[in-house]
Amino acid sequence: MGESAAARGSGIQRELPVAIHSQISNRFRTRIASGEWPANYRLKSEPELASELGVSRGTLRRAMTTLIEEGLLKQVRGRGTFVTSTTIEPAIAQKLSTLTEDFAKQGIETTTEVIEATLIDPPRPIAALLDVARGGSVLKLVRRRSAAEGPVALLYNYVRADLAPGIVDVDFSKASLFGTLEGQFGLKIASARRTFSARAAEGSVAEYLDLPTGSPVQYLEQVTYLSDDRPIEYSDVWIHSGRLRVTSLLSRR
């Protein structure tokens, strides 16, 4: 059967070895991650979307079911299908930002609990990453971020105290770390190196994220650099996979 005019205009490519429902779910995923479809956005009705895309309602429904299972969409009886507000998606590839900044941009209310904020002589691996000499001092900052649904992330930050004297006195239950470094201490943060992996929640990670021991979590470690290439901060972050999804927006050109 020939391709419909709507399908030709929709960008659906039937000649690709990618299922049509997967093409649709990928397109919707991109619209959500880019902010084109923000939290609580209501999608058009299934008949309207199917007509626009030139596909059957069954194909469309299969694509939407995938996104509902991923937590990106939710269906409300009698009202329609909405972009969920419980899955938070900070874009990580285009712009260096903190979780606090990502939450604020999306209008998501969070609370921050400071578990520890002390000056320490850093362990040797962290001292090496931050280029801190033996006997040097760094701020060890441990925080838990929570949204309405519960804890979403546990953060361990290590910050060079020689570049931010007095930082231990900042109330980080209210202040952003990057905002403080830039605003209060006049430091210019330029870049960072992030590494992601999957981990099992153990010990304090499971406890603070309210997860059963062994539950999967997203883990990232990051080294942040100033404009003169000096390292300023190292962090370990554990993310509750069911409440916060990390999305990278990439462009070939």
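The questions and answers below set values against definitions.

This is a predicted model, in which local features need pLDDT of at least 70 and side-chain atom pairs count only at pLDDT 80 or more, while totals for chains, interfaces and linings use all residues. Residues are numbered from 1 along each chain as its sequence is written, and side-chain values use heavy atoms, with hydrogens and water left out.

Q: How many helices and strands does the protein have, and what makes a run count as one?
A: The protein has 8 helices and 8 strands. Both are DSSP runs numbered from the N terminus: helices are H or I with at least four residues, and strands are E with at least two.

Q: What makes helix 3 roughly perpendicular, rather than parallel, to helix 4?
A: Helix 3 (residues 46–53) and helix 4 (residues 57–70) pack at an angle of about 105°, and their axes are 9 Å apart. Axes here are lines fitted to C-alpha atoms, for helices over the stretch in contact, and angles run from 0 to 180 degrees between N-to-C directions. An angle under 35 degrees is roughly parallel, over 145 roughly antiparallel, 65 to 115 roughly perpendicular, and the rest oblique. The angle therefore makes helix 3 roughly perpendicular to helix 4.

Q: Which residues of helix 3 and helix 4 meet?
A: From helix 3 come Glu 46, Pro 47, Leu 49, Ala 50 and Leu 53, which meet Arg 57, Leu 60, Arg 61 and Met 64 in helix 4. Contact means heavy atoms within 4.5 Å. Sorted by class, this contact has 6 nonpolar, no polar and 3 charged residues. The classes work like this: Ala, Val, Leu, Ile, Met, Phe, Trp, Tyr, Cys and Pro are nonpolar, Asp, Glu, Lys and Arg are charged, and the others, Gly among them, are polar.

Q: Why is the pair of Arg 57 and Glu 46 called a salt bridge?
A: The rule asks for a side-chain nitrogen of Lys or Arg within 4 Å of a carboxyl oxygen of Asp or Glu.

Q: What links Glu 46, Arg 57 and Arg 61?
A: A network of salt bridges links Glu 46, Arg 57 and Arg 61. Within it, the side chains of Glu 46 and Arg 61 meet at 2.9 Å, N to O. That pair joins helix 3 to helix 4 across 15 residues.

Q: What makes a set of residues a nonpolar core, and which members touch the most others in the largest one?
A: A nonpolar core is a set of buried Ala, Val, Leu, Ile, Met, Phe, Trp, Tyr and Cys residues joined through side-chain atoms within 4.5 Å. The largest has 20 residues, of which Leu 130, Leu 154, Tyr 158, Leu 209, Tyr 234 and Trp 238 touch the most other members. Strand 7 (216–226) gives the largest share, 4 residues. Apart from this core lies another, of 18 residues, including Ile 12 and Trp 37.

Q: How do you know that His 240 is buried?
A: His 240 has 10% relative accessibility, so it counts as buried. His 240 is found in strand 8 and touches Pro 151, Val 152, Leu 209 and Leu 211, leaving out residues up to four places away in sequence.

Methods:
Buried < 20%, exposed > 50% of the residue type's maximum accessible area, 1.4 Å probe, protein only.
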